Amino acid sequence: MLSNWAPILIFLALVSGFAVVSVIGSYIIGMRKPSLAKLAPYECGMQPVGSSRERFSVKFYLVAMLFLLFDIEAVFLFPWAVVYRELKMFGFFEMLVFIATVLAGYIYVWKKGALEWER
């Protein structure tokens, strides 16, 4: 029984050891020279203006959710493309239904104005 699990246990030991050595090594070797520039909330070259607790428009969250939704649906195309020849015409028509559903959702979102920034 142990011979079946030995490769997995060795791998887990190596991965855990690498993680521990990496964290300890970066703590020991890493440079720690704090300065005002490094301790500033923004390091992009711009001076921070105003409070960091500003409220964002719901528009940003809506666009992010729509991006994730359509991006995840696009991921479903890859497994279908891999087994396309085995699915034959049934798989083709099923994917047409899927793409039509995604297109209908996209047109709905577009007509609702969720993709317009000027509103």
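## Overall dimensions

The radius of gyration is taken here over C-alpha atoms, and the rule for a globule is 2.2 Å times the number of residues to the power 0.38. For a compact globule of 119 residues this value would be near 14 Å, but the protein has 25 Å. The structure under discussion is a predicted model. Along the principal axes, the C-alpha atoms of the protein fill a box of roughly 60 × 60 × 20 Å.

Two pairs of residues illustrate distances within the model. Ile-10 and Gly-105 are 95 residues apart along the chain, and their C-alpha atoms are separated by 48 Å. Ala-37 and Ser-51 are 14 residues apart in sequence, with 18 Å between their C-alpha atoms.

## Helices and contacts

The protein contains five helices and zero strands. Read from the N terminus, the order of its elements is α-α-α-α-α. Helix α1 covers residues 2–29, and helix α2 covers residues 36–39. Helix α3 spans 58–75, α4 spans 77–82, and α5 comprises residues 84–112.

## Surface and charge

Of the 119 residues of the protein, 7% count as buried. The protein exposes about 11,200 Å², of which carbon and sulfur atoms supply 73%. As for charge, there are 11 positive and 8 negative charges, and their mean positions are 8 Å apart.

Individual residues may be classified by relative accessibility. A residue is called exposed if this value is over 50%. Ile-10, placed in helix α1, counts as exposed because its relative accessibility is 52%. Ala-37, in helix α2, is likewise exposed, at 56% relative accessibility.

Lys-88 belongs to helix α5. Its relative accessibility is 58%, so Lys-88 counts as exposed. The backbone of Lys-88 also deserves attention: its phi angle is near 60°, a positive value in a residue other than glycine.

## Aromatic pairs

A pair of aromatic rings is described by two quantities, the distance of the centres and the angle of the planes. A search of the whole structure finds five aromatic pairs. In one of them, the rings of Phe-76 and Phe-98 have centres 6.2 Å apart and planes at 85°, so the pair is edge-to-face. Phe-76 lies in the loop between α3 and α4, whereas Phe-98 lies in helix α5; the pair therefore ties together parts that are 22 residues apart in sequence. Phe-98 counts as partly exposed because its relative accessibility is 26%.

Phe-92 and Phe-93 also form an edge-to-face pair, with 5.5 Å from centre to centre and 65° between the planes. An angle over 60 degrees is what places a pair in the edge-to-face class. With a relative accessible area of 28%, Phe-92 is partly exposed. Phe-93 is partly exposed as well, at 46% relative accessibility.

Ring pairs also link Phe-70, Tyr-106 and Trp-110 into a cluster.

Technical notes: Residues are numbered from 1 along each chain as its sequence is written. This is a predicted model: local features need pLDDT of at least 70, side-chain atom pairs count only at pLDDT 80 or more; totals for chains, interfaces and linings use all residues. Side-chain values use heavy atoms; hydrogens and water are left out. Helices (H or I, at least four residues) and strands (E, at least two) are DSSP runs, numbered from the N terminus. Buried means under 20% relative accessible area, exposed over 50%, partly exposed in between (1.4 Å probe, protein chains only). Accessible areas come from the Shrake-Rupley method with a 1.4 Å probe; for residues, only the protein chains shown count as cover. Lys and Arg count as positive and Asp and Glu as negative; His and the chain ends are not counted. The place of a charge is taken as NZ of Lys, CZ of Arg, CG of Asp or CD of Glu. Rings of Phe, Tyr and Trp (its six-membered ring) pair if their centres lie within 6.5 Å; planes under 30 degrees apart count as stacked, over 60 as edge-to-face and the rest as tilted.
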